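Please look over the sequence and the model before reading on.

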Protein chains: 2
Amino acid sequence: MTELPDMTPDRRPGGRTARIRAQVLDAVRAELAERGHEGLTVEGVATRAGVHRATVYRRWRDVGGLLVDVIAAASEIDWQPPDTGSLRGDLTALNQEIQESLVVQPSLAVALMAASFHSEQAARAQTQLWTDRYAQCEILVERAVERGEPGVGHADPRSLLVAATAPLYHQMVLLRAAPDPQLPGRAAEAAVLAAAAGAFRVRREESA
Amino acid sequence: MTELPDMTPDRRPGGRTARIRAQVLDAVRAELAERGHEGLTVEGVATRAGVHRATVYRRWRDVGGLLVDVIAAASEIDWQPPDTGSLRGDLTALNQEIQESLVVQPSLAVALMAASFHSEQAARAQTQLWTDRYAQCEILVERAVERGEPGVGHADPRSLLVAATAPLYHQMVLLRAAPDPQLPGRAAEAAVLAAAAGAFRVRREESA
């Protein structure tokens, strides 16, 4: 869902500024994935990017600024949520995407989560990205409502989406379990069955 | 569930070794909560505990050793999962306990999670503690089976427990949302409804 490993920075042809940004953010991602947040330095990024340190300091100021811009770049990608024809299929595909981003070694998604525990700037940027991605995914629930799938008409989309995806993060990031190829589908199924049985109802104070 | 903020170290009367351990681990918890993993040093812990640095180095070696022992001390607590008379009630109570441990400022539980991203030792110890706590909580599902609650007889207890609790960690730790007093009950309800509708079925390969 964050799809960080596949993100491609803005590479508008002809823009020197855009080109330098792309080089620098590529370097941040590579350093972050290889060395983690603790090993990330402006100097290391500048060297890897082949860009003057002064340029990096001027534009991004510090490691926090680099992290924020990596996350901002992820939010600029034209990411589209899956569209498989059923809510269960969509949530399964979404969970597979999440699982892949967490399993890949080194995982930029995990490195950014780790960084967000230590950088308030990175934490705020990441929370914003996740909030945006969940908002984008609400269309999965809207489409299910249009198709007349059971229970979803009364469901708060965000609560349903969090229930469907949270077990992936919990197992992979917090419990550090081995990847389970069945988990994406099972977590999706549980959320869809719970919705059909009346869970995730919109609360009165939310709909006001 | 981790119940870290309330944990009381081993204070067997008369044991000087136990007393020093209690002082040192109290100091680790206080330093961790106030300064986070990055601010944790053997020197700071020794000073706060009023114990010779050499003693701390000899027994715990380094910050990793201190973190592991704090987590080990948590696993030594006589923690008991809730017993309210229904699975939904038990899971709600469990989630309330989890939410409290994550909301309290400063949260030792969150500090330990942050530390586990940077210390392989701490990560392994924390995974073991969580695995043990989930194993302890399986009795919630067993009691529900004995009471004849619907769906739970076919459910894999661990999958059900992870589905019930994961949204709490996801919202509070990863999405950094404001605490939602209704979330413990809503997440519990969703897991119970999903189980009643056939989710979390034990898989053939697991029961073999």
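Predicted model: local features only at pLDDT ≥ 70, side-chain atom pairs only at ≥ 80, totals over all residues.

Chain A and chain B bury about 3,700 Å² between them. Of that area, 59% is on carbon and sulfur atoms.

**The contact between the chains**
- Chain B gives 41 residues to the contact, and chain A gives 41 residues.
- On the chain B side, B:Phe117, B:Leu174 and B:Arg186 lose the most area to chain A. Together they make up 18% of what that side buries.
- Between the two chains there are 2 salt bridges.
- B:Arg201 forms a salt bridge with A:Glu189, with the closest N and O atoms 3.1 Å apart.
- There are 8 residue pairs in polar contact between chain B and chain A, both residues at pLDDT 80 or more.
- Helices α6 (108-116), α7 (120-146), α8 and α9 (183-196) of chain B each supply at least two residues to the side that touches chain A.
- The largest share of that side, 12 residues, comes from α8(B).
- The side of chain B that touches chain A holds 21 nonpolar, 10 polar and 10 charged residues.

**B:His170**
- B:His170 sits in helix α8 (residues 157-174) of chain B.
- B:His170 counts as buried because its relative accessibility is 2%, under the 20% cut-off.
- Residues of chain A that B:His170 touches include A:Trp130, A:Val162 and A:Tyr169.
- The side chain of B:His170 also makes a polar contact with the side chain of A:Tyr134 (2.7 Å).

**Cysteines**
- The structure holds 0 disulfides over all chains.
- A:Cys137 is buried, at 0% relative accessible area.
- B:Cys137 is buried too, at 0%.

Methods. Residues numbered from 1 in each chain as written. Chains lettered and ligands numbered in written order. Heavy atoms only, no water. Disulfide = S-S within 2.5 Å. Buried < 20%, exposed > 50% of the residue type's maximum accessible area, 1.4 Å probe, protein only. Helix = DSSP H or I, 4+ residues; strand = E, 2+ residues; numbered from the N terminus. Contact = heavy atoms within 4.5 Å. Polar contact = N/O pair within 3.5 Å; in protein donor to acceptor, adjacent residues only side chain to side chain. Buried area = accessible area lost by both parts, 1.4 Å probe. Salt bridge = Lys/Arg side-chain N within 4 Å of Asp/Glu carboxyl O. Nonpolar A, V, L, I, M, F, W, Y, C, P; charged D, E, K, R; others polar. Lists of a residue's contacts leave out its neighbours within four places in sequence.
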